[in-house]
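Subject: Structure handover

Hello,

Here is the structure for your files. Please open it alongside this message; my notes follow below.

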Amino acid sequence: MSKNPLTLIMETNKFNGTNYNNWLRNLRIVLDFENQGYVLYKPLPTGLPEGSSSEERMTFDKWHEENRKVRSIILASMKNEIQNQYDRLEDVPSIMLRMKDVYVRDQEGRRVVCTKSWGHDAIPCGEPRGP
């Protein structure tokens with residue numbers, strides 16, 4: 001990521017465990033500016049089929065490079081205690097999914113699930129999940 005004034009947003013507004021929505025909004029601003037926002041939620045490609053074109057290879061390599069950069073931005077914008085919980089995850093969507101499960105709360109402070117990935121346990125986004 002090139003150094004731009006927007007990166008200062010992430011440096012001065014580190015994720016502290018209570019500011020998820022503000023942190024995520026700032027992260028999206030920075031990544032949109034860098035054209036990297038797609039990395040947040042689209043699954044990281046895991047492999048190329050035999051006989052892939054050079055264009056497919058370049059797209060695959062670019063996606064992995066962008067994942068590495070965005071992962072670094074995310075981890076660098078967290079307090080150290082929180083960073084330690086996510087630094088072993090290699091792909092950005094996994095980090096974001098786990099953060100959502102832990103930190104997304106409704107207005108009354110109850111945790112909510114905003115993903116379909118939880119199988120039979122899933123409830124619609126915005127529905128209370130418990131304390």
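Axes here are lines fitted to C-alpha atoms, for helices over the stretch in contact, with angles running from 0 to 180 degrees between N-to-C directions. Helices are DSSP runs (H or I, at least four residues), as strands are (E, at least two), numbered from the N terminus.

This is a predicted model: local features need pLDDT of at least 70, side-chain atom pairs count only at pLDDT 80 or more, and totals for chains, interfaces and linings use all residues. Residues are numbered from 1 along each chain as its sequence is written, and side-chain values use heavy atoms, leaving out hydrogens and water.

Helix packing

Two packed helices are described by the angle between their axes and the distance between the axes. Helix α2 (residues 20-33) and helix α5 (residues 92-103) have axes that come within 11 Å and cross at roughly 155 degrees. That makes α2 roughly antiparallel to α5 (under 35 degrees is roughly parallel, over 145 roughly antiparallel, 65 to 115 roughly perpendicular, the rest oblique). From α2, Tyr20, Trp23, Leu24 and Leu27 make the contact; from α5, Met96, Met99, Lys100 and Tyr103 do. Contact means heavy atoms within 4.5 Å. By class, this contact of α2 with α5 has 7 nonpolar, no polar and 1 charged residues. Nonpolar covers Ala, Val, Leu, Ile, Met, Phe, Trp, Tyr, Cys and Pro; charged covers Asp, Glu, Lys and Arg; the others, Gly among them, are polar.

Aromatics

The structure holds 5 aromatic pairs. Rings of Phe, Tyr and Trp (its six-membered ring) pair if their centres lie within 6.5 Å; planes under 30 degrees apart are stacked, over 60 edge-to-face, the rest tilted. Phe15 and Tyr20 are edge-to-face, because their ring centres are 6.1 Å apart and their planes stand at 80 degrees. Phe15 and Trp23 form a tilted pair, 5.3 Å centre to centre with 50 degrees between the planes. Phe15, Tyr20, Trp23 and Tyr103 form one cluster. Phe15 is buried at 0% relative accessible area, and Tyr20 at 4% (buried is under 20%, exposed over 50%, partly exposed in between; 1.4 Å probe, protein chains only).

Two loop residues

Ser77 sits in the loop between α3 (54-76) and α4 (80-86). Ser77 is buried, at 1% relative accessibility. Leaving aside residues up to four places away in sequence, Ser77 touches Met10, Lys14, Phe15 and Trp23.

Asn35 lies in the loop between α2 and α3. Asn35 is exposed, at 60%. Its phi is positive, about 60 degrees, although Asn35 is not a glycine. Most residues other than glycine have a negative phi.

Best wishes
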